[in-house]
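Dear colleague,

Here is the structure I promised to pass on to you, and my notes on what was found in it come after it. Please keep it open while you read, so that you can look up each residue as it is mentioned.

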Amino acid sequence: MNSKLLVRLSLIFNYMVFAILLNSVGAVILQVQRTFDVSKAEASVLEGFKDLPIAIFSFIVASFLPKVGIRKGMLIALIVVAGLCFLMPIVADEFWYFKLLFAVVGISFAVIKVSVFATIGLVTENTKEHSSLMSTIEGFFMVGVLLGNVFFSLFVNDADPSSRTWLNIYWYLGAMTLLAAGLLFFAQINESESKREDTNTKEEFLDMLRLVIKPLVLVFAASAFLFVLIEQSFMTWTPTFYQDVLQVPASMGIQAGAVLAGALAIGRLLAGFVLRRIHWLTFTLLCTVLVGVCVLLTLPLTANQPELTEAITWFNAPFVVYLFPILGVFLAPIYPTINSVVLSALPRYMQSSMSGLIVVFSALGGTTGSIVTGHIFEAYGGTNAFYFSLIPILALCLVLILLNRQVKMQVA
């Protein structure tokens, strides 16, 4: 197999595995409420245990990874996560085990994401190719989210909320992680352009901190934070929203998360083609506005739902059950596009450091979105919690315009 193609396939599969692990948080939040009698507010902290380690360790990872080796770092992360997955069905009998799981997955994903973003710059030749591959990889990330939600729903016992049979899914997740490590082991990555031989780890860490004060990076930080806040609000709380507000079974609520992920995957894969013809600002602004339109059109339909005399299934569910995930198609392209735009505007040797900052800003946005949505959900209901997303949606439109101005100044 062509070496560059094998590298790309390895990046896609590694990203998909972590998509399943990370975005299982919505299903796990629902299940720990059922199995361990945990409140919504308490369950929402799982997002923080996932995202805060990502944010903290991304600073460290981005500075030392080029010296240690991108490929070696990813292999270590995959093996550690595989081991923990194999332990979960055996030892997980209290809520704190899930905090540990997501903390370790978060630290490992910091390594994987920084590595993947840095490697994209090594295997592409220009901005358009970079944007296309970024959107494709992020598209397959959402395919992983979709598959993960479907897998989790198959292990859920709707009749017995206290059943722990759903933990058996971690045997399969451990096996998939080992398979990802095997594929990466045979992939050869030329990492020479990601390194600067005349600097040490401390200097690279300080260079990354200096990046933060650049106007381009500050504006990008705001856009990434706002986007992930919006995305994770929907992704994390969709299963609970479907069960509590739309009154569907728990397994169907998790499957709804898979449908939303499928819409996100379609949007990102299509963006890989669209961005070759349309300017990124026009495209992302249009997508952001359409997400807001979807929220305004679908949430009113959640009120006064007719009561069904039979159990709700995908064949007799209310119309809003099918309509709501459409917003994922428009939400999907924004994140990989702005990531690609800011990375392409920087030299290749700075892309590893910038990748670390991307992960930090994204993690902070994801944690904030999940925790805020969880508290609003518990205090005011799921519909109002999702209406709240209109505020960061409007703010994101304004920040995208500022980001375009900064990119023009950087390239000029």
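Arg34 is placed in helix α2, which covers residues 25–35, and please bear in mind from here on that this is a predicted model. Is Arg34 buried or exposed? With a relative accessible area of 16%, Arg34 is buried, because the limit for that word is under 20%. The side chain of Arg34 makes a polar contact of 3.0 Å with the side chain of Gln31, and it also reaches the backbone oxygen of Asn157 at 3.3 Å. If residues up to four places away in sequence are not counted, Arg34 touches Val156, Asn157, Asp158, Pro161, Ser162, Gln243 and Ala250.

From this one residue we can turn to the chain as a whole. The protein chain holds 18 helices and 0 strands, and of its 412 residues 59% are buried. Among the contacts in the chain with a separation of 6 or more, 86% are between residues 24 or more positions apart.

In soluble globular proteins, nonpolar side chains tend to be buried together. In this model the largest nonpolar core has 142 residues, and the members that touch the most other members are Phe98, Tyr170 and Met354. Which helix gives the most to this core? That is helix α6 (residues 95–123), with 18 residues. Tyr170, when its neighbours within four places in sequence are left aside, is in contact with Val28, Cys85, Phe86, Met88, Pro89, Leu101 and Phe152.

The buried residues of α5 include Ile70, Met74, Leu78, Cys85 and Met88. The charged end of Arg71 sits over the ring of Phe185, at 5.7 Å from the centre of that ring.

Finally, there are the aromatic rings, which form 20 aromatic pairs in the structure. In one of them, the ring centres of Phe155 and Tyr172 are 5.8 Å apart and the planes stand at 55 degrees, so the pair is tilted. This pair links distant parts of the chain, since Phe155 is in helix α7 (residues 127–155) and Tyr172 is in helix α8 (residues 169–186), 17 residues apart. Phe155 is partly exposed, with a relative accessible area of 23%, whereas Tyr172 is exposed, with 54%.

Phe324 and Phe386 form a stacked aromatic pair, with 5.6 Å from centre to centre and 5 degrees between the planes. Phe324 lies in the loop between α13 (319–323) and α14 (327–331), while Phe386 lies in helix α17 (residues 382–387), so the pair ties together parts that are 62 residues apart in sequence. Phe324 is buried, with a relative accessible area of 2%, and Phe386 is buried too, with a value of 1%. Both rings belong to a cluster in which ring pairs link Phe234, Phe241, Tyr242, Phe324 and Phe386.

With best wishes

Methods
Residues are numbered from 1 along each chain as its sequence is written. This is a predicted model: local features need pLDDT of at least 70, side-chain atom pairs count only at pLDDT 80 or more; totals for chains, interfaces and linings use all residues. Side-chain values use heavy atoms; hydrogens and water are left out. Helices (H or I, at least four residues) and strands (E, at least two) are DSSP runs, numbered from the N terminus. Buried means under 20% relative accessible area, exposed over 50%, partly exposed in between (1.4 Å probe, protein chains only). A polar contact is a pair of N or O atoms within 3.5 Å; within protein, one must be able to donate a hydrogen and the other to accept it, and residues adjacent in sequence count only if both atoms are side-chain atoms. Contact means heavy atoms within 4.5 Å. A nonpolar core is a set of buried Ala, Val, Leu, Ile, Met, Phe, Trp, Tyr and Cys residues joined through side-chain atoms within 4.5 Å. Rings of Phe, Tyr and Trp (its six-membered ring) pair if their centres lie within 6.5 Å; planes under 30 degrees apart count as stacked, over 60 as edge-to-face and the rest as tilted. A charge sits over a ring if NZ of Lys or CZ of Arg is within 6 Å of the ring centre and within 35 degrees of the ring normal.
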